[in-house]
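I set out to look through one chain, entry by entry, and to write down what I found. The structure is placed here for reference.

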Amino acid sequence: MLVIFYMVVDLVGSAVIYGVGAPATGVSVEINVSYLDAAFADEEIEIEARVLRVGKAIGVVSVEFRKETGKIIAQGRHTFTFLSLVRCEHASNLSLI
């Protein structure tokens with residue numbers, strides 16, 4: 001079940017950032033999920049996503065998972081970089097460790 005939350009943050013985050021007119025869909029820089037409570041297989045879960053920031057090169061989305069009671073069971077954050085807009089000269093400064 002934990003992997004499903006992670007995958008939903010990735011999918012919903014990508015859809016929301018694209019839906020608000022981001023300059024490109026981008027590449028994930030960071031995805032994290034904080035698990036706050038348990039959910040069971042027969043429970044319905046509400047998912048709410050909000051765009052926190054869309055800049056020229058970075059976009060950030062917050063995704064919350066709630067039970068029908070409104071209790072938050074998980075919170076995720078998805079950060080994107082819009083690589084098509086990053087200048088090639090910066091790529092020469094990157095190094096792999």
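The entries below go from the whole chain to single residues.

**Entry 1. Basis.** I worked from a predicted model, in which local features need pLDDT of at least 70 and side-chain atom pairs count only at pLDDT 80 or more, while totals for chains, interfaces and linings use all residues. I numbered residues from 1 along each chain as its sequence is written, and the side-chain values use heavy atoms, with hydrogens and water left out.

**Entry 2. Overall make-up.** I looked up the secondary structure and found 2 helices and 4 strands in the chain. Helices (H or I, at least four residues) and strands (E, at least two) are DSSP runs, numbered from the N terminus. Along the sequence, the elements follow the pattern α-β-β-β-β-α.

I then looked up the surface. The accessible surface of the chain comes to about 6,600 Å², and 58% of this area belongs to carbon and sulfur atoms. Accessible areas come from the Shrake-Rupley method with a 1.4 Å probe; for residues, only the protein chains shown count as cover. Of the 97 residues in the chain, 28% are buried. I used these classes: buried means under 20% relative accessible area, exposed over 50%, and partly exposed in between (1.4 Å probe, protein chains only).

Residues 24 or more positions apart account for 61% of them.

**Entry 3. The sheet.** In what order do the strands of the sheet lie? I read the order β1-β4-β3-β2 in an open sheet of 4 strands, with antiparallel pairing. The edge strands are β1 (27-35) and β2 (45-54), each of which pairs on one side only. On average, neighbouring strands of this sheet are turned by 15° against each other, direction ignored. For this angle, axes are lines fitted to C-alpha atoms, for helices over the stretch in contact, and angles run from 0 to 180 degrees between N-to-C directions.

Two strands are taken to pair if DSSP finds at least two bridges between them. By way of background, strands of a sheet pair through backbone hydrogen bonds, either parallel or antiparallel. I followed β1 and β4 (residues 72-81), which pair in the antiparallel sense over 8 bridges. Within this pairing, Ile31 stands opposite His78 in β4.

**Entry 4. Ser62.** Is Ser62 buried or exposed? I placed Ser62 in strand β3 (residues 58-67), and Ser62 counts as buried because its relative accessibility is 10%. Leaving aside residues up to four places away in sequence, Ser62 touches Glu48, Ala49, Arg50, Leu52 and Gly76.

**Entry 5. Salt bridges.** I applied this rule: a side-chain nitrogen of Lys or Arg within 4 Å of a carboxyl oxygen of Asp or Glu. The count comes to 8 salt bridges.

One of these joins Asp37 to Lys67, with the closest N and O atoms 3.8 Å apart. This pair links distant parts of the chain, as Asp37 is in the loop between β1 and β2 and Lys67 is in strand β3, 30 residues apart. Asp37 is partly exposed at 31% relative accessibility, whereas Lys67 is buried at 15%.

Glu48 has two partners in my notes. The side chains of Glu48 and Arg66 meet in a salt bridge at 2.8 Å, N to O. Here too distant parts of the chain are linked: Glu48 lies in strand β2 and Arg66 in strand β3, 18 residues apart. Glu48 also meets Arg50 in a salt bridge (3.6 Å, N to O). Glu48 is partly exposed, with a relative accessible area of 29%, and Arg50 is partly exposed at 36%. Arg66 is buried, with 14%.

Which residues are linked in a network of salt bridges? I listed Glu46, Glu48, Arg50, Glu64 and Arg66.

**Entry 6. A nonpolar patch.** Val3, Tyr6, Met7 and Tyr35 form a nonpolar patch on the surface, with about 410 Å² of accessible area together. Patches are made of residues with over 30% relative accessible area and no salt bridge; like charges are joined within 9 Å, and nonpolar side chains (Val, Leu, Ile, Met, Phe, Trp, Tyr) within 5 Å. Helix α1 (residues 2-19) gives the largest share of the patch, 3 residues.

I checked two members. Tyr6 is in helix α1 and is partly exposed at 40% relative accessibility. Tyr35 lies in strand β1 and is partly exposed at 36%.

Key
Contact = heavy atoms within 4.5 Å.
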